[in-house]
Every structure is written in structure tokens, then in C-alpha cells.
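Colleague: Could you walk me through reading helix packing and cores in a new model? I'd like the general idea before the details.

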Amino acid sequence: MSPPPGASRVRASRSCGNCRAVKRRCDKKTPECGQCIRSHETCPGYRDEWELVFRDQTKHTIKRSKQKRDKSASPREIATHSPPGRNPSPSLDEIGVNYFLQDFVVGGRAPTRGYLNYIPTVYYPDSEHPTLLTSMAAVGLVALATKRPELVGHARAKYSEAIRYVNDAIASPTESIKDSTLMSVISLGVFEHVSNFESWVRHVKGAAALVVARGKSQFTNRVSILMFNQVRADMSAACIQTIQPFPKDIRVLQEEGSKYTDPSDACWLIGILATECATLFAEVAAKNQGTPCSTSWSEFLEESIRLQDRFQEVFDLLAIQEPYTTIQEPDDSPSFISYRGRYDLYRSSWSIRLWNNSRMVDIIVCEIVCWLINKLITSRHDYSIEDLPKYKSRLAYAAQIIAQRGEEILASVPHGLGLVYIPGQYNPADEPPQLCVSGGYMLTWNLYTVGKSPVINNDDRKWVIDRLKGISDSAGIAMAYQLAEDLEKIGRTAM
């Protein structure tokens, strides 16, 4: 199967900017290539492959659409019909694929990386693969259906078709281990997220089983590692929300993957801490319900404090690897969706996701710390009275961290939803801002975690509830509305 138009340009673009300019061989090392070091030049870095995918995709889909029509038409039809126009309209499936690439890969209308930015490397080699194309079309159409409701039926039909393709692929020893198959499953998880929590959890478990089946060989390239990260992050969230320990077989794979990753890669470290948090949470909950456990409450507290301290190390790395800017609007500025006049601008949707996943799990670890300290203090056993001042100090610190992380998550919402833009990347005057589906998908669990935290006040919880309902209405994500209703119940109980 020949690669689509533009594939060769994607491969060539992996050289750094300096080496491309003078047409020299680039060793593609990071953070700077060897040629630039030897020439005492400042290496400008490398272009992401996603940049070229969306640029070329429209031309590619239109050309493919024309080829399909030409093949299906008889010689008589070709002779009697007038020639096609200069810009033949793409099919609904192709529109869905393009919308998926724009929203989830490119990152909306602003030219920043979406948080599924690794898709191009999977997409180009298998750009004609029906499983991947149908999955992307289904998600793109259901996302686009928020603006065009008439597409809902076609989106569901494509989803059913994609599930059939996925089932066939999983049954094949060769297809089941392909990156494109896992990417299809990850993509369809977005569709399930739009529906309801139970369906999403089942889908995440299915993706996790596929990751296990792929085995240790999946860590031989960066893209496969990023897809493993995605499944691991979804599985961590599912385990935390259902209070289940993180699967041991994926933790074993995680240990193998650590051999192929940079030990200072914040993305990889976040995933490790999230798996440990999920397991700790489940073990603490099981002991509280009476399950026999050899670990004491004070030992659990020590473990959770160590985990909390390790999160600060990750935040220090993120501040270097993915910095962001805080904007504080004056009190008399025009009203828009911002948290107390504050909003933060990030490099990309990918960066927002990294930061907020870290914050979300850090909040949960702090909540475990608070619960354990209160358990020890109220039970009056399993700790020394001399430890009481230390525990109270740690309790206050944990509450402070929960509040801080919550404020940071809420300040990321305007940029995450595509309502504000980095200056120079996009001109808001071009068209009114519209909430992007990928942003709603990305922020739903973050918002819920903040909304149910023990330190949030009623006004901030109401702000979170309004945002979740807005995501449900504008992005068609039913789960967001379910979680908003749950927060309303929590608010009534807290009164």
C-alpha cells in the first residue's frame, strides 16, 4: 500500500530547522542536534509531525474522495456527466476524520498540539486502515454533532461499524498488536466518554487488556510509549473513581517501559505516581471496610506522605519542561469564563493535560493524607502523642495544597476549552470562540475532582458545576452532566 501524499515530507521534516535550511544530515538528537553543537549554532528544535498531517489531510481526503467516485463510476457515467468541480466535497466520513484531527490532534483552531498529538505517526502508515479511519470518523462526527445534530445518527452508525472492525482486529494475531488498532480503541474511548461513566470504564478496561496483549515489545518506539501513557492515565482515573487497585500486569509493563524512557520525563513519572495513588487508595479503602491488612494506618500515612512529596518533584520538572503564564484580569474587565479573573496560558493542550493530571492525582493523594491523619487522631491509637503537632502541621499543608491545585485547574479551563488564546497564535476577532469538544473531554475529570474536594467553598463548587453543565450542553458530553449532578448532591449534603 503506497503512503498518502505528504508522507515523504513528514519523514524529511524530522531534521532540525538549521539542518533543513542548509540541507545537511541531522542526527536528530535532543535537546540539540550534534551538527548545531559542532557549528556553535542555537538548535531551533524539530517540527512535530502533527503539523503536516492536518495541513495535508484536506487535500488528501478530497483526492481520495475523487478517486473513489471515479472507480465506482462506469465509463458511460464518466463520459456523460460533467467534470467535477475544482473542490469536490468530501464525504461525511472524511469530514469526521478531518474534524477529529483538527480538534484532538492539532488542538482546536489555535496552532498548538492537541493531547492526542502522537496520532500522525500512527495515521500515515495506516491511513487506509478501515479500523483506524472508521474510529476517527465516528469520534469526529459525534464531536461535530454538537453543532450539527443531524450527524448524530451517522456518528452512531460509524461507531457500530468501528466496533466491528476493532473486534475483528483483536481476533487477528497480527492486527491486534498494531499501533493503529490500539489507536482506534483509544479514539473510541472518547465516544464512550461522551456517553456515560460505566461504558467508559468498560472501554478503558478493554484498552488495558489490549496493552497487556501487546507485551514488552510495544516500548520500542516513542509513539507506542505515548499510547501506553494514554491507556495508563485512563486506567488510573477509572481505578481511582471505582476504588480499585491498579492492575498488576500493567504495572509490570510499566517497569519494562521505564527502561526505554527518560527518568526525568515528567509525563512518564506522572503515570507512575498515578498508578501508585490508585493502588494506595484502594488498599486504604479496603482496610477501612474491614479487609485484613498487615499495613498499619500510620504506615499508610507515611506511604502517602512520601507519594505527596514525590509529586512536588514532578511539578518542579513540569515548570521547566512545560512552563505556562498566568493572566489576572482587572475587576472591571469584560466578563467571560475565567476563575476569579484569572486564566493561565499554556504551550498546548498536551501541556494542560500533563499539568492537570498531575494536579488531580496530587489532590487525591492529599485527600488520603487528610483522611488518614483524621483517622489516627480520632481513633487515638496507632500513633504517638508526640506526633500530634507534626500531624496537624501536615494536615494544614495538605489542605493548602488541595486548594492551590484546585485553583490552578480552574484557571486552566478558559484555555483548555478554547475560549482564550496565546497572543500571536490565533486572532479571536476572526470568529467568536466556541467550546472545543476535546477540551471538554480533557477537563471533565479535572473539574469533578476539584468540585468534590473537601476544601472547596460553595461559590467555587457552583462555578465548577456550571462549567460541567456547559461542557455537557456545548460538547455533548453526557458524563459531564452526570458528574455535575453528583456535585450538586455533595453541595446539598455539605450545607
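Colleague: Take helix α15 and helix α17: within what distance do their axes come, and at roughly what angle do they cross?

Modeller: Bear in mind that this is a predicted model. In general, two packed helices are described by the angle between their axes and the distance between the axes. Here, the axes of α15 (residues 297-321) and α17 (residues 388-416) come within 13 Å, crossing at roughly 40 degrees. That angle makes α15 oblique to α17, and the crossing is left-handed.

Colleague: Which residues of α15 meet which in α17?

Modeller: From α15 you have S298, L301, I305, Q308, D309, Q312 and F315. They meet Y391, R394, Y397, A398 and R405 in α17. By type, the residues of this contact are six nonpolar, three polar and three charged.

Colleague: And the core: which residues touch the most other members?

Modeller: The general idea is that in soluble globular proteins, nonpolar side chains tend to be buried together. In this model the largest nonpolar core has 120 residues, and W200, L447 and V464 touch the most other members. Helix α16 (residues 349-379) supplies the largest share, 16 residues. Another core, of six residues, lies apart from it; C16, C19, C33 and C43 are among them.

Colleague: What is V464 in contact with, leaving aside neighbours within four places in sequence?

Modeller: L410, L447, V450, G451, I456 and L487.

Colleague: How many helices and strands does the protein chain have?

Modeller: There are 20 helices and two strands. Of its 495 residues, 52% count as buried.

Note on methods. Residues are numbered from 1 along each chain as its sequence is written. This is a predicted model: local features need pLDDT of at least 70, side-chain atom pairs count only at pLDDT 80 or more; totals for chains, interfaces and linings use all residues. Side-chain values use heavy atoms; hydrogens and water are left out. A nonpolar core is a set of buried Ala, Val, Leu, Ile, Met, Phe, Trp, Tyr and Cys residues joined through side-chain atoms within 4.5 Å. Buried means under 20% relative accessible area, exposed over 50%, partly exposed in between (1.4 Å probe, protein chains only). Helices (H or I, at least four residues) and strands (E, at least two) are DSSP runs, numbered from the N terminus. Contact means heavy atoms within 4.5 Å. Axes are lines fitted to C-alpha atoms, for helices over the stretch in contact, and angles run from 0 to 180 degrees between N-to-C directions. Angles under 35 degrees count as roughly parallel, over 145 as roughly antiparallel, 65 to 115 as roughly perpendicular and the rest as oblique. A crossing is left-handed if the near helix is turned anticlockwise from the far one by less than a right angle, and right-handed if clockwise. Ala, Val, Leu, Ile, Met, Phe, Trp, Tyr, Cys and Pro count as nonpolar, Asp, Glu, Lys and Arg as charged, and the others, Gly among them, as polar.
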